[in-house]
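Subject: Structure for your review

Dear colleague,

Please find below the structure that I am handing over to you. My notes on it follow directly after.

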Amino acid sequence: MTPTDGARNVPDLLRDGSWQAAGITAEMTAAEWAAAQVERVRDDPAGRLALTSHAYNGPLGNAPRHLPFRRASLSFMRLQAERGVLQPLDANPPGSPWWRAVNDRLLLDGCEALALSGGLPGQASSPTIALWTSFISAPTGRNWYRAHNASIVQAYLENRDLAERESLPERFFLNVTLLRVLYAHALNAVPRLAVGRFAPVGRVLGDPRLGMAGAFLSLGRVLPVRYPAEFDLDTALKIEHRLGRMLDYGVIAPKLQALYDWSARELDTPDLRSLIRDGSPIYAWSYADRHVWRQAPESLPVRLLRVATSPR
């Protein structure tokens with residue numbers, strides 16, 4: 001996007017067919033346009049995916065440097081749609097108010113930043129918008145993670161009341177989702193923290209333009225197949241694929257406090273630290289139940305992974 005683009009007519013920049021600009025008016029602000037786009041797909045999970053996909057075409061419908069990042073965004077969202085969490089609240093079974101609200105925030109921030117970059121007027125409605133406009137201007141892996149994860153974290157903080165209404169197993173998975181998303185960012189931006197001596201490999205594995213990062217963010221072997229989860233917490237602790245459990249307990253869990261502290265600084269969101277205590281995630285989760293974040297007894301493969309990937 002060049003400095004002169006903002007002076008062009010908005011309908012030219014947000015052309016119908018490339019970015020669903022029908023009905024736009026000269027008086028409409030970027031935030032209003034974004035809200036209209038999200039409202040249009042609120043009860044349409046496939047529409048939410050399409051809106052995300054179209055956004056990576058940019059306001060001019062041609063953004064080749066942005067397209068490689070679309071895979072990671074869609075990976076994070078596609079499983080949500082498949083689980084049914086984005087279904088209308090009056091569907092049978094209904095979707096999840098919490099997951100829908102988190103997805104709304106991600107869509108709103110991306111759409112508003114795109115509209116501002118395309119020349120629509122208005123002030124950014126949230127500090128997260130600046131991170132998305134930075135990504136639009138300079139599409140790097142670190143900029144993408146900062147924008148994407150800042151929106152996710154902000155949504156977590158804004159919707160604690162909805163999270164508390166979820167079932168115990170689902171609340172466990174909300175924490176697992178967050179720590180996995182933060183860890184993927186660390187793999188790319190601070191691989192020494194994430195995987196210790198394997199830092200050069202970590203930076204590649206965490207690149208959101210590559211398939212490995214997309215597979216990691218999809219959480220396909222972490223979350224239950226359907227929503228709502230129809231099992232108890234003990235079952236929830238056992239359903240994760242063996243390799244995933246080794247990753248969570250051997251690689252991620254030992255550095256959770258450092259991971260959240262770094263993420264709070266990187267995303268300029270100090271309140272993120274309120275979601276962890278002494279290395280145990282506590283988002284809509286009791287600190288008294290912190291045992292779920294530690295494997296006891298610790299298996300030999302987990303111990304070996306912990307030592308091999310220590311940042312020290």
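Two residues are said to be in contact when they have heavy atoms within 4.5 Å. Leaving aside neighbours within four places in sequence, Glu166 is in contact with Ser96, Pro97, Trp98, Arg171, Leu174 and Tyr227. Glu166 sits in the loop between helix H8 (160-164) and H9. Glu166 is buried but takes part in no salt bridge, and Arg83, the nearest side chain of opposite charge, is 7.5 Å away.

Please note that this is a predicted model. The average pLDDT of the chain is 85, and 84% of the residues score at least 70. Over residues 1-22, pLDDT stays under 50, and the model has 41 contacts beyond four places in sequence for this stretch. Where pLDDT is low, the predicted coordinates should not be read in detail.

Overall architecture

The chain has 312 residues, of which 53% are buried, and contains 16 helices and two strands. Of the contacts between residues at least 6 apart in sequence, 66% join residues at least 24 apart. The chain exposes about 13,800 Å², and carbon and sulfur atoms supply 54% of that area.

Nonpolar cores

The largest nonpolar core comprises 66 residues, and Trp98, Phe172 and Tyr260 have the most contacts inside it. Helix H9 (residues 168-189) contributes the largest share of this core, 13 residues. A second, separate core of 14 residues includes Trp33, Val38, Val41 and Cys111. Not counting residues up to four places away in sequence, Tyr260 touches Asn175, Leu178, Leu179, Leu182, Leu272, Leu275, Ile276 and Pro281.

Salt bridges

The structure holds 13 salt bridges. One of them joins Glu158 and Arg105, with the closest N and O atoms 3.5 Å apart. Because Glu158 lies in helix H7 (residues 141-158) and Arg105 in helix H5, this pair ties together parts that are 53 residues apart in sequence. Glu158 is partly exposed, with a relative accessible area of 39%, whereas Arg105 counts as buried at 16% relative accessibility.

Arg180 forms a salt bridge with Asp248, the closest N and O atoms being 2.7 Å apart. This pair links distant parts of the chain, with Arg180 in helix H9 and Asp248 in helix H14 (residues 242-252), 68 residues apart. Both Arg180 and Asp248 are buried.

A salt bridge also connects the side chains of Asp261 and Arg273 (3.4 Å, N to O). Asp261 belongs to helix H15 (residues 256-266) and Arg273 to the loop between H15 and E1, twelve residues apart. Arg273 is partly exposed, at a relative accessible area of 34%.

Backbone geometry

Most residues other than glycine have a negative phi, and most peptide bonds are trans.

The peptide bond from Asn92 to Pro93 is cis, with omega near 0°; Pro93 is in the loop between helix H4 (70-83) and helix H5 (97-117). A cis peptide bond also joins Tyr227 and Pro228, with omega about 0°, and Pro228 is in the loop between helix H12 (211-218) and helix H13 (233-239).

Asp278, which is not a glycine, has a positive phi of about 50°. Asp278 lies in the loop between strand E1 (276-277) and strand E2 (280-281) and counts as exposed at 57% relative accessibility. Ala284 also has a positive phi, near 50°, and is placed in the loop between E2 and helix H16 (300-308). At 9% relative accessibility, Ala284 counts as buried.

With kind regards

Key:
Residues are numbered from 1 along each chain as its sequence is written. This is a predicted model: local features need pLDDT of at least 70, side-chain atom pairs count only at pLDDT 80 or more; totals for chains, interfaces and linings use all residues. Side-chain values use heavy atoms; hydrogens and water are left out. pLDDT is the predictor's confidence in each residue, from 0 to 100. Helices (H or I, at least four residues) and strands (E, at least two) are DSSP runs, numbered from the N terminus. Buried means under 20% relative accessible area, exposed over 50%, partly exposed in between (1.4 Å probe, protein chains only). Accessible areas come from the Shrake-Rupley method with a 1.4 Å probe; for residues, only the protein chains shown count as cover. A nonpolar core is a set of buried Ala, Val, Leu, Ile, Met, Phe, Trp, Tyr and Cys residues joined through side-chain atoms within 4.5 Å. Lys and Arg count as positive and Asp and Glu as negative; His and the chain ends are not counted. A salt bridge is a side-chain nitrogen of Lys or Arg within 4 Å of a carboxyl oxygen of Asp or Glu.
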